[in-house]
Amino acid sequence: MGWFSKILDKLRGDRPPPDEPPEAPAEESPFQALLEAEGPSPLEAGAEEEVDAFQFGPQRMPRSTVGLFYPSGGIFLLRHPEDNRAGLITQLGGGLEGLRPVAGDWNGDGLHGVGLYEPNLSVFALREGMGGGESNHQFQFGTGGAGWLPLVGDWDGDGIYGVGLYNPANSAFYLTNGFDGGDAQIAFLFGPPNEGWLPLAGDWDGDGIHTPALYQPATGLFLLRNRLCDGWDVDEEFTFGPVGPSMQPVAGDWEGCGRWSVGVYDPEEGEFHLRLLGDGGSSKQFSFGPRGVPAWPFSAVWI
Ligand SMILES: [Ca+2]
Ligand SMILES: [Ca+2]
């Protein structure tokens, strides 16, 4: 259990042991390295501003925006929904290899917090907000070390997200509500196994329930589904975005219309391509984050 405790401590964040004084700040912070990396500046201004510095009109619906997670420093970089030059940086549990980011509304307040999935022990660590601090929920769910991939969503429509896992070997989804871990509350097979699918989830039809999708980086094919049960039926099928083995899918309500759509992150170009619903599946494309720095994309509603 010692190893497990160490991982949980890591996931809770970098805190000094209680008997030792806090370490002096490093001479060069990882934030600085990120900001000085080649490519378009991810955050030209506003990184240190309070979140509520951005005032949206009262008629504006919440919109998803994209973010990038840098595993080496545990850094989450979040884009403003409208503007590359503003955003937010937060940090959670860096330094462990294999960590994957998630973001979701873990407490039903309408805003998302960040989280991490540790694949070797299959542990989730979730924080209820974008500010600094340790995670609010840590639990083991699923099988560690088996190549399972994390996804999150509101599986029951109560406004609070749960977590899930996808097993590529049999194309099975395992989903749960709540933060106690244990057995999956919802499990089903969807899609052909071992064909290089990456899982994602979203509310594709706007009914408040999040359901899965599969994305094949080599072909750019998305399979969207509106049900949480066994079957091969697909509700929407299309190709989108650049193709290649390094492409990563994201999903969010990019237009604030209550229906989710997909996107693709191209790490080599440092570009996001978001599929818009309002204009016949057209693409919104922009650079975000430094090129050539290993990072995982995610989406969140944070303002
Ligand atoms: Ca829920
Ligand atoms: Ca739905």
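Is asparagine 177 buried, exposed or partly exposed? I looked this residue up first. The model is predicted; local features require pLDDT of at least 70 and side-chain atom pairs count only at pLDDT 80 or more, while totals for chains, interfaces and linings use all residues. Residues are numbered from 1 along each chain as its sequence is written, and chains are lettered from A and ligands numbered from 1 in the order in which they are written.

**Entry: asparagine 177**

I recorded asparagine 177 as partly exposed, because it has 16 C-beta neighbours inside 10 Å. The scale calls a residue buried if 20 or more other C-beta atoms lie within 10 Å of its own, exposed if 12 or fewer, and partly exposed in between, with C-beta atoms placed from the backbone. I located asparagine 177 in the loop between strand 10 (172–176) and strand 11 (186–189). Helices (H or I, at least four residues) and strands (E, at least two) are DSSP runs, numbered from the N terminus. Leaving aside residues up to four places away in sequence, I found asparagine 177 touching Trp155, Asp156, Gly162 and Gln185; contact requires C-beta atoms, placed from the backbone, within 7 Å. I also noted valine 163, which is 14 residues from asparagine 177 in sequence and 6.8 Å from it in space, C-alpha to C-alpha.

**Entry: the whole protein**

I noted two helices and 20 strands. Of the 303 residues, 38% are buried. Among contacts between residues at least 6 apart in sequence, 48% join residues at least 24 apart.

**Entry: sheet 3-2-1-20**

I traced an open sheet of four strands in the order 3-2-1-20, with antiparallel pairing; two strands pair if DSSP finds at least two bridges between them. Strand 3 (87–91) and strand 20 (296–300) are the edge strands, each pairing on one side only. Neighbouring strands here are turned by 25 degrees against each other on average, direction ignored. Axes are lines fitted to C-alpha atoms, for helices over the stretch in contact, and angles run from 0 to 180 degrees between N-to-C directions. Strand 1 (residues 65–70) pairs with strand 2 (residues 75–79) in the antiparallel sense over four bridges, and I found leucine 68 opposite leucine 77 in strand 2.

**Entry: sheet 4-5-6-7**

I traced an open antiparallel sheet of four strands in the order 4-5-6-7. Strand 4 (100–104) and strand 7 (137–140) each have a single partner strand, so one side of each lacks a neighbour in the sheet. Strand 5 (residues 113–118) and strand 6 (residues 123–126) are joined in the antiparallel sense over four bridges; the bridge partner of glutamate 118 in strand 6 is valine 123.

Conventions: Contact = placed C-beta atoms within 7 Å.
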